Amino acid sequence: MILASPDQRYALALEPENESYSKWWRISCTSDTENWYAEFGGNTPVEILAGFTDALLASVPETAPDVWSILTAAGWSYTRDERGHELAEHPDGIMQLRRWNRTTSWNTGFIACALLPDGLGGQESVWEAHLGSAPHLAAAFATALVDPAPVARAEFDVPHSRLVTQKPGGRQGNDLAKEHAARLAQVRAAAVRNRRTALTTQPVPSSAPAAPAVAGPRR
């Protein structure tokens with residue numbers, strides 16, 4: 001599945017593969033003011049991915065938000081080493097968000113990952129997301145990442161189910177379908193509002209006729 005924004009600024013591709021740990025979602029932006037590329041593993045929770053894609057409908061803020069403060073306010077730790085690499089980590093050590101210093105690394109975007117001990121002293125990835133280099137999109141992703149609201153999943157649809165606490169949900173399939181429809185309506189309304197705002201803020205060309213040229217005396 002391939003989607004493109006009306007102005008052709010953003011492109012989104014969904015290419016499911018046999019392995020859910022590989023990259024399924026790819027989003028790119030090419031414009032005069034933005035140029036970035038993001039990709040998400042198949043196990044990335046869709047609620048968190050939606051935080052990223054919803055932000056594409058809003059205007060880019062004039063001031064870049066502080067991504068790290070969103071995480072530290074939720075109890076995450078934050079470190080910046082002597083080389084300028086930044087890392088935020090959840091208290092349980094499973095979730096990380098990092099960004100390498102652009103002067104010492106070719107990969108300057110934000111990277112989020114969920115990690116588990118592999119039993120051999122290392123770690124294995126449950127899912128990984130490369131968020132690109134746009135701070136406002138990384139901030140939207142981080143906001144969704146720390147949202148404590150529970151999500152609806154079937155019993156066997158959670159990879160590494162020991163990582164989460166599962167409880168029987170009170171919502172039925174019809175309730176979830178209604179919530180999904182309501183969310184789509186809100187997203188469409190937000191898209192329409194932003195497109196109207198963009199149109200009304202564009203400069204209107206002057207319709208006044210140009211002043212005629214006046215010939216001066218020859219010298």
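## Aromatic cluster and ring pairs

Y10, W36, F40, F52, W127 and F141 are linked into a cluster by ring pairs, where rings of Phe, Tyr and Trp (its six-membered ring) pair if their centres lie within 6.5 Å, with planes under 30 degrees apart counted as stacked, over 60 as edge-to-face and the rest as tilted. The model is a predicted one, in which local features need pLDDT of at least 70 and side-chain atom pairs count only at pLDDT 80 or more, while totals for chains, interfaces and linings use all residues. Residues are numbered from 1 along each chain as its sequence is written, and side-chain values use heavy atoms, with hydrogens and water left out.

By the ring rule the count comes to seven aromatic pairs. The pair of F40 and F52 is edge-to-face, because the ring centres are 5.2 Å apart and the planes stand at 70°. F40 lies in strand β4 (residues 35-41) and F52 in helix α1 (residues 46-55), so this pair ties together parts that are twelve residues apart in sequence; helices (H or I, at least four residues) and strands (E, at least two) are DSSP runs, numbered from the N terminus. Both F40 and F52 are buried, that is, under 20% relative accessible area, whereas exposed means over 50% and partly exposed in between (1.4 Å probe, protein chains only).

W68 and Y78 form a tilted aromatic pair, 5.2 Å centre to centre with 45° between the planes. Since W68 lies in helix α2 (residues 67-72) and Y78 in strand β5 (residues 77-80), the pair ties together parts that are ten residues apart in sequence. W68 is buried, with a relative accessible area of 8%, and Y78 is partly exposed at 31%.

E86, placed in strand β6 (residues 86-89), counts as buried at 7% relative accessibility. The side chain of E86 makes polar contacts with the side chain of W68 (3.1 Å) and with the side chain of Y78 (2.5 Å); a polar contact is a pair of N or O atoms within 3.5 Å, where within protein one must be able to donate a hydrogen and the other to accept it, and residues adjacent in sequence count only if both atoms are side-chain atoms.

## The sheet

An open sheet of nine strands runs in the order β1-β2-β3-β4-β9-β8-β7-β6-β5, with antiparallel pairing; two strands pair if DSSP finds at least two bridges between them. β1 (2-4) and β5 stand at the edges, each with a single partner strand, so one side of each is left without a neighbour in the sheet.
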